[in-house]
Amino acid sequence: MYDALIIGGGAAGMSCALVLGSAGKRPYASDKKIGIITHQKASHLQNALFNNVLGVIPGTTGASILESGKKQLTTLYPHIEQIEREKVSDIIHLAEHFTIVTNSRRYHSKIVVIAVGYTNLLTIKGLAKYIKPHPRAVAQEDRIWLKNDHHLIEKNLYVAGTLAGWRSQFSIASGSGAQVATDILTLWNDGKHTKVHDKITE
Ligand SMILES: Cc1cc2nc3c(=O)[nH]c(=O)nc-3n(C[C@H](O)[C@H](O)[C@H](O)COP(=O)(O)OP(=O)(O)OC[C@H]3O[C@@H](n4cnc5c(N)ncnc54)[C@H](O)[C@@H]3O)c2cc1C
């Protein structure tokens, strides 16, 4: 049983995983089992080229960010389990947890974060009832969002990134994933607001 399972290894999902990982030594997070299904084939980062993102060297490709993101997570926060080469097909809401069905296995988690982008979600059963036309994309593009209140769809079920209703910019999607991570950390910290900052030590 995971305490939190993130679905999607793009901008929002990886950012959420990194922030959750960075809280690994905090008392309220140290005993938590966290995983991410790092499916990246369908990420909008695959074809992106970045010149307009603060802190990212101009000319960086989205594909290289996908690759380096997974390495960053493995190196710095190895306690976050990365589940590769699996695609989610169903999310079943049970009384106290969720069951996540992939093409090869089933997982169970108390908290689920959906970060699969704003296009092909219709292939995930169990989420259909939350799908609405995207509020911040041109209608002709047929984008969707999962109706939510500040990223929360319902208790313990979060959505992050473009699928949460945000416009498609790398920083916005990443920020949305980071926001969800701090919401989850705040929940684990008995509602006391929390953030994770590293600093230079002399
Ligand atoms: C060509 C292009 C150029 C761009 N250029 C810029 C730019 O210059 N500046 C900028 O700021 N933004 C740019 N963007 C936008 C940026 O890439 C997106 O805003 C960002 O990737 C959205 O992040 P996300 O996490 O919402 O979705 P994504 O990054 O698309 O991530 C979704 C993830 O979910 C996974 N997934 C999907 N279905 C499933 C499933 N069933 N099970 C498990 N996992 C699943 C996907 O494989 C993917 O890894 C560009 C996008 C494109 C397409």
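Visitor: What is a salt bridge here, and how many does a search of the whole structure find?
Guide: A salt bridge is a side-chain nitrogen of Lys or Arg within 4 Å of a carboxyl oxygen of Asp or Glu. By that criterion, five salt bridges are found in the whole structure. This is a predicted model, in which local features need pLDDT of at least 70 and side-chain atom pairs count only at pLDDT 80 or more, while totals for chains, interfaces and linings use all residues. Residues are numbered from 1 along each chain as its sequence is written, and side-chain values use heavy atoms, with hydrogens and water left out.

Visitor: Which residue meets Asp3 in a salt bridge?
Guide: Lys110 does, at 3.4 Å from N to O. Asp3 lies in strand β1 and Lys110 in strand β8, so the pair ties together parts 107 residues apart in sequence. Strands are DSSP runs of E with at least two residues, and helices are runs of H or I with at least four, both numbered from the N terminus.

Visitor: Is Asp3 buried or exposed?
Guide: Asp3 counts as buried, at 12% relative accessibility. Buried means under 20% relative accessible area, exposed over 50%, and partly exposed in between, with a 1.4 Å probe and protein chains only. Lys110 is partly exposed, at 40%.

Visitor: And what does Glu81 pair with?
Guide: Glu81 forms a salt bridge with Lys33, and their closest N and O atoms are 2.7 Å apart. Glu81 belongs to strand β5 (residues 81–83), whereas Lys33 sits in the loop between α1 and β2, 48 residues apart. Glu81 is partly exposed at 32%, and Lys33 is partly exposed at 31%.

Visitor: Changing topic: which residues touch the most other members of the largest nonpolar core?
Guide: Leu20, Leu73, Val113, Ile184, Leu185 and Trp188 do, in a core of 27 residues. Such a core is a set of buried Ala, Val, Leu, Ile, Met, Phe, Trp, Tyr and Cys residues joined through side-chain atoms within 4.5 Å.

Visitor: Which element gives the largest share of this core?
Guide: Helix α1 does, with six residues. The elements giving two or more residues are β1 (2–7), α1 (11–22), β2 (34–37), β8 (106–114) and α3 (170–188).

Visitor: What is Ile184 in contact with, leaving aside neighbours within four places in sequence?
Guide: Ile184 is in contact (heavy atoms within 4.5 Å) with Leu20, Ile111, Val113 and Tyr158.

Visitor: Which residues does the second core include?
Guide: That separate core has 23 residues, among them Val88, Tyr107, Ile131 and Ala164.
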